[in-house]
Amino acid sequence: MGVMFTKIAESGLDRIGGWNPQLMREWQGRLRWRNVLLTLLISFAVQILLVVQYLVKLPQNDYRSSGMQYCLEQIQTSEAKLMTCKLGADGYPLINWPFVWADVFRDVSLVLVWVLLIGGMYLLVADLSKEMRRGTLNFLRMSPQPSRQILLGKLMGVPVLLYLGLAAMLPLHLSMGLMATYPLMLLLAFYGLLGAIAFCFYTAALWFGLLTPGLQGFQPWLIAGTGLGLLAVGFSGYRDGSSLDWARLFEPIQLLSYWEVKGPGIQMTWPFHHGFDQQGFRYLGWFLQPIGAHSGTYLLFALANALILGAWFWVVLERRLETPGRTPLGKVQSYGLTLCLSLIVMGFNVQSAPTEVDQWKGQSFSDFLWSYPISMLICAIVLMFLLLPSQQAVLDWSRYRHQYTAASNQSRQHRHRLLRDLLSHDASPGGLAVAVNLGVMTGVLLLGIAVTPWYSPTAGAAELLLRWGFCAAFLLSCALVIQWISLSNVIHWRWLAFGSVATLVLGWPIVLSMLGASLYDGPSRYLWLVTAFPQSLPHAAWSGIGLAIAAHLTILTTLITILTRRVQGLGQSEWKALTAAQGG
Amino acid sequence: MVSEILQANPMAQNRIATDAAIPTLSVQGLTKRFQRKIAVNDVYIDLFPGEIYGLIGPNGAGKTTLMEMMVGAEMPTLGEIWIDGEPFRQDQNSPMIQRCIGFLPDDYPLYDDLTVWQYLDYFARLYGMASPQRRSRLYEILELVQLTSKRHSRTTELSRGMKQRLGLARTIIHQPSLLVLDEPVSGLDPVARMEFRDIIKTLQKSGMTILISSHVLSDLADFCTTIGIMELGHLVESAPLEELYRRLSRQQIFIATLGDREALAQALAAHPCIKAQAVVSDQEICVEFEGDEAEAGALLRSLIAANLPIRHFNHTREDLETIFLKHLDHKQVS
């Protein structure tokens, strides 16, 4: 029997290997009898624990107070005046079983979601980190297999024991759900959403793993910790109408919260999250649309969100695996990704129409959309590091430019080609691409202002736009500074660039605060307009604002001039060095 | 085996059918810069089918970088690579070309959780080998690297020499037309090195083109047809082995006679390959010789034909290691 089973398994693996060798390799290495048995054993032990912990809590006819919430009907005893469960004809308490199963179902759901998402991310990144350390990832890169097949094999193969253990839980989960009167369609939708979110998390984790080989053994812990944090935020019922509400979409458990279990013959309902405040997500909106009001809209939106983000991560992941020497994100890709992220984030800033009270209280657009500029600031800083090419790439590009310029004298064609290169060539300096991305963010901000119903929007909108404009100009200067640092001879230029940006974005305002620069009066308030947080804008005079704009323009012009000369000089010297070396 | 290689590589088949003179590997002006350092500078190499090219040079000379560029693991700053007459762009997915290349890095990493068979089977599948051929190919390769008896063992259970042979088996499983081996014998004992040499010779006979770097120069001298010397990123010397010996190796022939030493000296003086003579003893002369093995043989035959009673004829030449060290010394002095 065992031999026959082994033969069937081998034949199955052989077929899988014909379709995806990577998947076969991962399964072959992991699906050993001992591992499989151990996984199933752990899975069943966890299931037994989850069920037994509720069964022992059930009320008995001994006046214990535990588990009274599961009584079909509570009565007061005449002797001790204690509440107890009404007993049935057989002498045992009458239990409201759907409520019991609903609680078991909730706990199994939590185990499914958290173990699948966090455990899966950990395993994938740990495996990738090991492959990179060992040098075997290069074998895969050099093989004629498309990277799509390799990634698919990794996603389906590396966490296979985890999948197996969780799959063994599905019968219990499904049966508990059905016995708790959850509709089958809702359960199937939950599995679908869980799969889509897992795809999104896993692709993001792998991408992060490929981007940060230097972190080595710390990588899996960091990514698992980040995922845990995101799920924790999503699991909390708190909703503040800001970009942070986006995290709610990554918690598939929320979908089950729409269903309230009804006990047999009674009106009482049993919310999924009883004992917690989990109702916040029901007021979730996106561009004034109440997506959280109904399970169907929530499901569709969460599904679309996970799949769109997952698809983005997949595209950049494939790119990274195929060509590790290029920037993590292509310039053209970045424009699409920024548009996508800005729209999602802006949507969560305009969840519902501001109330009249909000407006009478003197709130402005800046207060209403406060989290959009902050989210975009973070997004822009991350983008800088993903978009700006390394010194070697810029050197190669500048040498090529120098060679091209020297060979041709059609200046108009040059400018056109230079512009095209700066907008789309991965090795060209990334300043213009960062500027385009900031432009996209500004466009989405305009859209947000346009769709928000506000009684007298003009002043508030102008202030918000100006505030974002100062912030964007400051960020662009930061990007140019980073690019300039990347062209220096510092080996670990990314760390230096990271430190510089942190100093410019956070350190500079802290210094201003410590020096007592006021936001409200005095000439020092204009210094705040040359930071990433131009909070003094409402208190600034027009002349001061004009001065700040001039300061930004001067800084940008100076940085662009320095950078252009540096790149041109590098191209020239690089070309001379190469031709001299080859000549010699 | 050659027919199998051609079967696996239709592109190579076309190549050989149309033009036998097209090199398996052609490297044109390959240059690699890391920041300000030039790792490889303007290297040109042409490798023809069946050739074994030995790449030697001190540590940091740029051998590994050059090899990594050839196999697509590293992007060149400048230059072109052609495999079997087709341009090879590292930033583009070119499965046809990738099937023509086999690369064994110096640390030949393995997967510890697989058996020898599973490991090779996995790579055969990665390279798209279909089922019936794959199985027979696996047995054939295991036989070649003498690991048939170990096919069910985990890779962790193998000795270093076996692991290295398994790495080589992985590299040639898909029958590449070009094999690139980076320091394949480092850390191996003499027996393992000898076994490895035999495998390389077998592969050469099958028509595979091999580029190999090693610090064990005696091994390279044993099987390489061409030698390239790299230094500070430059390919400072690249020539067939015999030509290298002729040009750079100091050759001496010790000739002892039973007869008159003066007669022997006169006979030798007329020979064009002899540059100088020195008397060793009453009956023995040492000559500086410039020529190859065939010319040395011709010299011996001419002396016998001249009725000189030759007692001893010993042709010695500086080995590859001495040539390399002399080359380095010369470069450092210059």
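In this predicted model, strand E1 of chain B, residues 25-34, is joined to E2(B) by seven bridges, and the two strands run antiparallel. Within this pairing, B:Val27 has B:Ile45 of E2(B) standing opposite. Helix H3 of chain B, residues 63-71, packs on the sheet, where the helix touches E1, E2 and strand E4 (78-83) of chain B, and the direction of H3 makes about 120° with that of E1(B).

The sheet to which these strands belong is an open one of four strands in chain B, arranged in the order E2-E1-E4-E5 with antiparallel pairing. Its edges are formed by strand E2 (37-47) and strand E5 (86-87) of chain B, each of which pairs on one side only.

From the sheet we can turn to the interface between the chains. Here 36 residues of chain A are in contact with 38 residues of chain B, and the area buried between the two chains is about 3,400 Å², with carbon and sulfur atoms giving 52% of that area. Which three residues supply more than any others of the area that chain A buries against chain B? They are A:Phe139, A:Met142 and A:Pro144, which supply 22% of that area.

Polar and charged pairs also cross this interface: seven residue pairs are in polar contact, counting those with both residues at pLDDT 80 or more, and there are four salt bridges between chain A and chain B. One salt bridge links A:Arg25 with B:Asp113, whose closest N and O atoms are 3.0 Å apart. On the side of chain A that touches chain B, the elements giving two or more residues are helix H1 (2-19), helix H2 (21-30), helix H4 (97-134), helix H5 (137-142), helix H17 (391-407) and helix H22 (542-583) of chain A. By residue type, this side of chain A divides into twelve nonpolar, 14 polar and ten charged residues.

Over all chains, a search of the whole structure finds 26 salt bridges. In another of the pairs, the side chains of B:Arg125 and A:Asp14 meet in a salt bridge with an N to O distance of 2.3 Å. This pair crosses between chains, since B:Arg125 lies in helix H5 (residues 116-126) of chain B and A:Asp14 in helix H1 of chain A. Side chains of opposite charge can pair in this way when their charged atoms come close.

Conventions: Residues numbered from 1 in each chain as written. Chains lettered and ligands numbered in written order. Predicted model: local features only at pLDDT ≥ 70, side-chain atom pairs only at ≥ 80, totals over all residues. Heavy atoms only, no water. Pairing = 2+ DSSP bridges. Contact = heavy atoms within 4.5 Å. Axes fitted to C-alpha atoms, helices over the stretch in contact; angles between N-to-C directions. Buried area = accessible area lost by both parts, 1.4 Å probe. Polar contact = N/O pair within 3.5 Å; in protein donor to acceptor, adjacent residues only side chain to side chain. Nonpolar A, V, L, I, M, F, W, Y, C, P; charged D, E, K, R; others polar.
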